[in-house]
Amino acid sequence: MTSSFPHAVTPALTTRLPAVGTTVFTRMSALAAQHDAVNLGQGFPDFACDPRLVDLVAEAMRAGHNQYPPMTGVPALRQAIAGKIRAVYGHAYDADTEITVTAGATQALTTAILAVVHPGDEVIVIEPAYDSYMPAIELAGGTVVPVQMALDDAGYHVPWERIQAAVSTKTRLIVINTPHNPTGSVLRDSDLEALAGIVRGTEILVLSDEVYEHMVYDGQQHASMSRHPVLSARTFVVSSFGKTYHTTGWKIGYVAAPASLMVEFRKVHQYNVFSVNAPMQHAIAGYLADPAPYVQLPAFYQKKRDLFRAGLAGSRFELLPADGTYFQCVRYGAISAMPEAAFAEWLTSEIKVAAIPVSPFYRQAKESGIVRFCFAKRDETLALALERLARI
Ligand code: PMP
Ligand code: GLN
């Protein structure tokens, strides 16, 4: 197409994010669609959310909740969130001053980083890391200090001595993610103690991405930072209703933090989103009153995890432990020596099952011979994918 103004010149830019292209999730979903592959790549359910939730949104719209809600979030929703955290983790956040509703976890994470990281500050990020952390730190002018997880027979774990060694006088923030995307590992109480030992007596803050808080399996408890007295006093805890209620497209989540941290969070929040869509907030406020949906979530997803693992057990994929999230990581060394991105593309185009390489979750792509599958799918979808994967 020719431009309407052929002689007009658009000024050149210097990019603020030189290392960033289109995310691996977007690319792999496009490739899955192109090849009509079963999409076990990007993490989202292929089944519907509870119809009751949809009805509640429609009711909220009909009741006239269609104008700007309060900047911090609808009071009933903030109260419901505070009540849930108190019931589940035993920490009483003040609904007015310590809870803010956000446009998904992504906005909460970026906003928290922009609120506390100054140019020159160092931020410790544990790799492999969810893709939004590092660009947000760079936009804030901070310096990313990556520390890699250790991987042994028991799976991925955080080497706290390496975190301790990475701390300097410039460390402002440590980013934590449990249950962890992409590895499916979870932190335990001993990890929280180790982290508390590192930050106690320092000015270091914690940003804890807990979007998979209700996907922890085998009877284990989610190690929320909000449960820990030393940590909760210096942590932004982030969660997402997209994960818990099978509504990733609604982009609604929240952050909980001590009031003094929340004051700064809200200064940024009010200018990067101001407020979050009103009908969904009213709907979730009502829905959250019933704990059953999140209480039943671990059993629901554990069944899918077990079905998926059982289906791969006899295959040439080697299963890594999957203690939390809706992701299963596998080694494929017995099948191929290809780099992860090439292997994921081959799986998508030739085997017709899309996966996500783990290498882009490192600042400097690291090849581990591991890809990630998402099992938040209908059992029929998983069965079709397993039939194809087991044939390789
Ligand atoms: N953090 C992690 C670890 C995630 O996997 C996701 C899911 N995309 C997010 C944050 C973002 O959540 P949301 O869709 O609510 O922005
Ligand atoms: N969190 C999702 C995943 O890890 C993807 C979200 C996104 O596409 N940005 O697959």
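In the predicted model, 15 residue pairs, both members at pLDDT 80 or more, are in polar contact between domain 1 and domain 2. The side of domain 1 that touches domain 2 draws at least two residues from each of helix 13 (297-313), strand 12 (327-331) and strand 15 (370-374). Helix 13 provides the largest share of that side, six residues. Sorted by class, the side of domain 1 in question comprises 16 nonpolar, five polar and six charged residues. Two salt bridges are also counted between the two domains. A salt bridge links arginine 305 to aspartate 218, with 2.9 Å between the closest N and O atoms.

The domain assignment of the protein chain places residues 24-43 and 296-389 in domain 1, and residues 56-293 in domain 2. Taken over C-alpha atoms, the centres of the two domains lie 26 Å apart. Contact between them involves 27 residues of domain 1 and 35 residues of domain 2. The size of an interface is often expressed as the accessible area lost when the parts come together. Here, domain 1 and domain 2 bury about 2,700 Å² between them, and carbon and sulfur atoms account for 56% of this area.

In general, the strands of a sheet pair through backbone hydrogen bonds, in either a parallel or an antiparallel sense. Strand 14 is paired with strand 15 through two bridges in the antiparallel sense, and proline 357 is found opposite valine 371 of strand 15.

Several backbone features were also identified. Most peptide bonds are trans, and most residues other than glycine have a negative phi. Glutamate 127 and proline 128, however, are joined by a cis peptide bond with omega at about 0 degrees; proline 128 is located in the loop between strand 3 (122-127) and helix 5 (133-139). A cis peptide bond likewise runs from threonine 178 to proline 179, with omega near -15 degrees. Proline 179 occupies the loop between strand 7 (171-177) and helix 7 (189-199). Histidine 246, although not a glycine, adopts a positive phi of about 60 degrees. This histidine is situated in the loop that lies between helix 9 (241-244) and strand 10 (253-256).

Key. Residues numbered from 1 in each chain as written. Chains lettered and ligands numbered in written order. Predicted model: local features only at pLDDT ≥ 70, side-chain atom pairs only at ≥ 80, totals over all residues. Heavy atoms only, no water. Domains from an automatic or database assignment. Contact = heavy atoms within 4.5 Å. Buried area = accessible area lost by both parts, 1.4 Å probe. Salt bridge = Lys/Arg side-chain N within 4 Å of Asp/Glu carboxyl O. Polar contact = N/O pair within 3.5 Å; in protein donor to acceptor, adjacent residues only side chain to side chain. Helix = DSSP H or I, 4+ residues; strand = E, 2+ residues; numbered from the N terminus. Nonpolar A, V, L, I, M, F, W, Y, C, P; charged D, E, K, R; others polar. Pairing = 2+ DSSP bridges.
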